[in-house]
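Dear colleague,

Please look it over first; my notes follow below it.

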Amino acid sequence: MATELKRIELHVDADPCFAAAAGGAVRCLAEFAGMPEDVCREFQEATIRACLEAFKLRPTASHVVEFCRFADRVEVVVDPNAGTAAIRLSRSVNSHS
């Protein structure tokens with residue numbers, strides 16, 4: 001199976017509107033990857049929650065949301081350079097929830 005990486009990096013301020021935008025972006029990626037509707041929706045909601053959590057922990061900082069699409073999964077990392085404070089989410093393209 002090919003593991004070609006497609007990566008998008010979003011730089012945002014700690015504004016809840018940007019959490020919603022990140023959720024919308026991951027929803028599109030999940031849909032394009034062929035994930036089931038319920039998985040797409042849950043992944044979107046999880047991404048919004050992760051962003052809001054990061055924004056709450058560091059309200060004055062700029063944040064990075066990294067989206068990576070592999071052949072078998074989609075990953076989101078909120079604040080990837082934050083070490084152990086980075087929030088990582090991943091969903092398999094073959095998920096059947």
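A residue counts as buried under 20% relative accessible area, as exposed over 50%, and as partly exposed in between. Please keep in mind that this is a predicted model.

By that rule Arg41 is partly exposed, because its relative accessible area is 37%. Arg41 belongs to helix α2, which covers residues 37-57. Pro16 lies 25 residues from Arg41 along the chain, and the C-alpha atoms of the two are separated by 18 Å.

Helix α1

Helix α1 takes in residues 16-32, which is 17 residues. At 1.5 Å a residue it should span 24 Å, and its end C-alpha atoms are 25 Å apart, so the two values agree. Which residues of α1 are buried? They are Ala19, Ala22, Gly23, Val26, Arg27, Leu29 and Ala30. These residues lie on the same side of α1, because they cover an arc of only 165° around the axis. The cover over them includes strands β1 (6-12), β2 (63-69) and β3 (73-78), along with helix α2. Cys17 and Phe32 are exposed, and they sit on the face of α1 that is turned away from the buried side.

Both ends of this helix deserve a look. At the start of α1, the backbone nitrogen of Cys17 has a side-chain oxygen of Asp15 within 2.8 Å. After α1 comes Gly34, which has a positive phi, near 90°.

Asp79

Is Asp79 buried or exposed? Asp79 counts as buried because its relative accessibility is 9%, and the cut-off for buried is under 20%. Asp79 is located in the loop that runs between β3 and β4 (87-92). The side chain of Asp79 makes a polar contact of 2.8 Å with the side chain of His63. If neighbours within four places in sequence are left aside, Asp79 is in contact with His63 and also with Ala54, Arg58, Ser62, Val64 and Ala86.

Aromatic rings

How many aromatic pairs are there? The count comes to zero. One ring does have a charged residue over its face: Arg73 lies over Phe70, at 3.8 Å from the ring centre.

Regards

Technical notes:
Residues are numbered from 1 along each chain as its sequence is written. This is a predicted model: local features need pLDDT of at least 70, side-chain atom pairs count only at pLDDT 80 or more; totals for chains, interfaces and linings use all residues. Side-chain values use heavy atoms; hydrogens and water are left out. Helices (H or I, at least four residues) and strands (E, at least two) are DSSP runs, numbered from the N terminus. Buried means under 20% relative accessible area, exposed over 50%, partly exposed in between (1.4 Å probe, protein chains only). The expected span of a helix is 1.5 Å times one less than its number of residues. The arc is that of the directions from the helix axis to the C-beta atoms. Contact means heavy atoms within 4.5 Å. A polar contact is a pair of N or O atoms within 3.5 Å; within protein, one must be able to donate a hydrogen and the other to accept it, and residues adjacent in sequence count only if both atoms are side-chain atoms. Rings of Phe, Tyr and Trp (its six-membered ring) pair if their centres lie within 6.5 Å; planes under 30 degrees apart count as stacked, over 60 as edge-to-face and the rest as tilted. A charge sits over a ring if NZ of Lys or CZ of Arg is within 6 Å of the ring centre and within 35 degrees of the ring normal.
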